[in-house]
Amino acid sequence: MKLALETNTFALAETGGIVYELKCLIRSSFPDFKVLFAPRSCNRLAHAVAARGCICPHDAPLCWESTPDGFEVLVASDHAESLS
């Protein structure tokens with residue numbers, strides 16, 4: 001995805017139209033945008049948050065009063081992994 005957003009390499013690909021629309025939406029919504037690569041081993045928290053969102057009812061507000069159980073451990077492990 002990083003390469004698709006930073007170049008026009010995928011313009012003729014089957015998903016090229018979607019990538020183009022995404023690029024236009026990003027440009028019109030943010031004054032500056034950068035795609036950074038994080039290896040999967042440093043991205044456990046993102047996967048956990050996405051998984052939590054997938055099991056929530058469609059109309060549920062995705063806002064927590066406190067950090068959900070287990071997320072602190074994932075933040076610490078992701079941070080430790082990125083430092084090594």
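Q: Helices (H or I, at least four residues) and strands (E, at least two) are DSSP runs, numbered from the N terminus. Which helix holds L22?
A: The model is predicted: local features need pLDDT of at least 70, side-chain atom pairs count only at pLDDT 80 or more, and totals for chains, interfaces and linings use all residues. Residues are numbered from 1 along each chain as its sequence is written, and side-chain values use heavy atoms, with hydrogens and water left out. Residues 16–29 include L22, and they form helix α2.

Q: Is L22 buried or exposed, or in between?
A: Buried means under 20% relative accessible area, exposed over 50%, and partly exposed in between (1.4 Å probe, protein chains only). L22 has a relative accessible area of 30%, so it is partly exposed.

Q: What is the area of the nonpolar surface patch that includes L22?
A: Patches are made of residues with over 30% relative accessible area and no salt bridge; like charges are joined within 9 Å, nonpolar side chains (Val, Leu, Ile, Met, Phe, Trp, Tyr) within 5 Å. Here M1, L22 and L25 make the patch. Its area is about 310 Å².

Q: How far is K23 from the nearest side chain of opposite charge?
A: K23 also lies in helix α2, and K23 is buried. It has no salt bridge, a term for a side-chain nitrogen of Lys or Arg within 4 Å of a carboxyl oxygen of Asp or Glu. Lys and Arg count as positive and Asp and Glu as negative; His and the chain ends are not counted. The nearest side chain of opposite charge is E6, at 9.6 Å.

Q: Which residues touch K23, leaving aside neighbours within four places in sequence?
A: Contact means heavy atoms within 4.5 Å. Once those neighbours are set aside, K23 is in contact with A4, L5, T7 and N8.

Q: Where does F10 lie, and which residues are in contact with it beyond four places in sequence?
A: F10 sits in the loop between α1 (2–6) and α2. Its relative accessibility is 32%, so F10 counts as partly exposed. Beyond four places in sequence, F10 is in contact with L3, A4 and G16.

Q: How far apart in space are K34 and K2, C-alpha to C-alpha?
A: K34 lies in the loop between α2 and α3 (44–55). K34 counts as exposed because its relative accessibility is 64%. In sequence, K34 and K2 are 32 residues apart; in space, their C-alpha atoms are separated by 9.2 Å.

Q: How many disulfides does the structure hold?
A: A disulfide is a pair of cysteine sulfur atoms within 2.5 Å. The number of disulfides in the structure is zero.

Note on methods: Accessible areas come from the Shrake-Rupley method with a 1.4 Å probe; for residues, only the protein chains shown count as cover.
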